[in-house]
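Visitor: I am new to this structure and would like a close look at a single part, the sheet. Please describe it, and then what lies around it in the chain.

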Amino acid sequence: MQRPNPNELKSVLVGKPAPSFSLPLLEPYRAQYGPEMGIGERVEKPVLLNIWASWCIPCRTEAPLLERYHQQYKDQVLFLGVNVQDKESEALKFVQQYGLTFPSVYDGRGRVGIEYGYYGVPETFVIDRNGNVLARHAGELTEAQLQGYLRQVLQ
């Protein structure tokens, strides 16, 4: 029997469709992905939705891990960042500093966080290929936890 993950929070969203949204992409991603990105009623592949901010210390530790796994799984899973409670200029510095190539949108008003019911940053939502929320993870992801979530969506 698998032990429960202390960071996996109960959420009314687990097992239900992920709330749809579309927000402006941060500038470095627009050439590849267009002006906006988000989650629609249909998703093409599983999504790892990571809510982050440049001032968040755990986000700084988590960013290189997410980037490494994005590089490994980008054809199978969409890693999508949502920058919240931040200045766009600071978010851009963060993206550059950590060399993040997975797309991030800018949510200046915090709309996505409210719709997803997040507690704070970082927080990650795991969405399956049917667009349903499989898990909600509060706090920094460890490598083992990230691997577990990826196994879950890729089975």
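Guide: Two strands count as paired if DSSP finds at least two bridges between them. In this predicted model, strand S6, residues 123-127, is joined to S7 by five bridges, and these two strands run antiparallel. In general, the strands of a sheet pair through backbone hydrogen bonds, in either a parallel or an antiparallel way.

The pair belongs to an open sheet of five strands. Their order is S5-S4-S3-S6-S7, and the pairing is mixed. At the edges stand strand S5 (104-107) and strand S7 (133-138). Each of these has a single partner strand, so one side of each is left without a neighbour in the sheet. From one strand to the next, the twist averages 20°.

The loop between helix H4 (111-116) and S6 contains proline 122. The peptide bond leading from valine 121 to proline 122 is cis, with omega near -10°. The other loop, between strand S4 (78-84) and helix H3 (88-98), holds glutamine 85. Phi of glutamine 85 is near 50°, a positive value in a residue other than glycine. Most residues other than glycine have a negative phi, and most peptide bonds are trans.

Elsewhere in the chain, helix H2 (residues 57-73) meets helix H5 (residues 143-154). Their axes come within 11 Å and cross at roughly 30°. Angles under 35 degrees count as roughly parallel, so H2 is roughly parallel to H5. The crossing of H2 and H5 is right-handed. On the side of H2, the contact is made by Leu65, Leu66, Arg68, Tyr69 and Tyr73; on the side of H5, by Glu143, Leu146, Gln147, Leu150 and Leu154. Sorted by kind, the residues of this contact of H2 with H5 are seven nonpolar, one polar and two charged.

Cysteine 56 and cysteine 59 form it, with their sulfur atoms 2.4 Å apart. The torsion about the S-S bond of cysteine 56 and cysteine 59 is about 80°, so this disulfide is right-handed.

Technical notes:
Residues are numbered from 1 along each chain as its sequence is written. This is a predicted model: local features need pLDDT of at least 70, side-chain atom pairs count only at pLDDT 80 or more; totals for chains, interfaces and linings use all residues. Side-chain values use heavy atoms; hydrogens and water are left out. Axes are lines fitted to C-alpha atoms, for helices over the stretch in contact, and angles run from 0 to 180 degrees between N-to-C directions. Helices (H or I, at least four residues) and strands (E, at least two) are DSSP runs, numbered from the N terminus. Angles under 35 degrees count as roughly parallel, over 145 as roughly antiparallel, 65 to 115 as roughly perpendicular and the rest as oblique. A crossing is left-handed if the near helix is turned anticlockwise from the far one by less than a right angle, and right-handed if clockwise. Contact means heavy atoms within 4.5 Å. Ala, Val, Leu, Ile, Met, Phe, Trp, Tyr, Cys and Pro count as nonpolar, Asp, Glu, Lys and Arg as charged, and the others, Gly among them, as polar. A disulfide is a pair of cysteine sulfur atoms within 2.5 Å.
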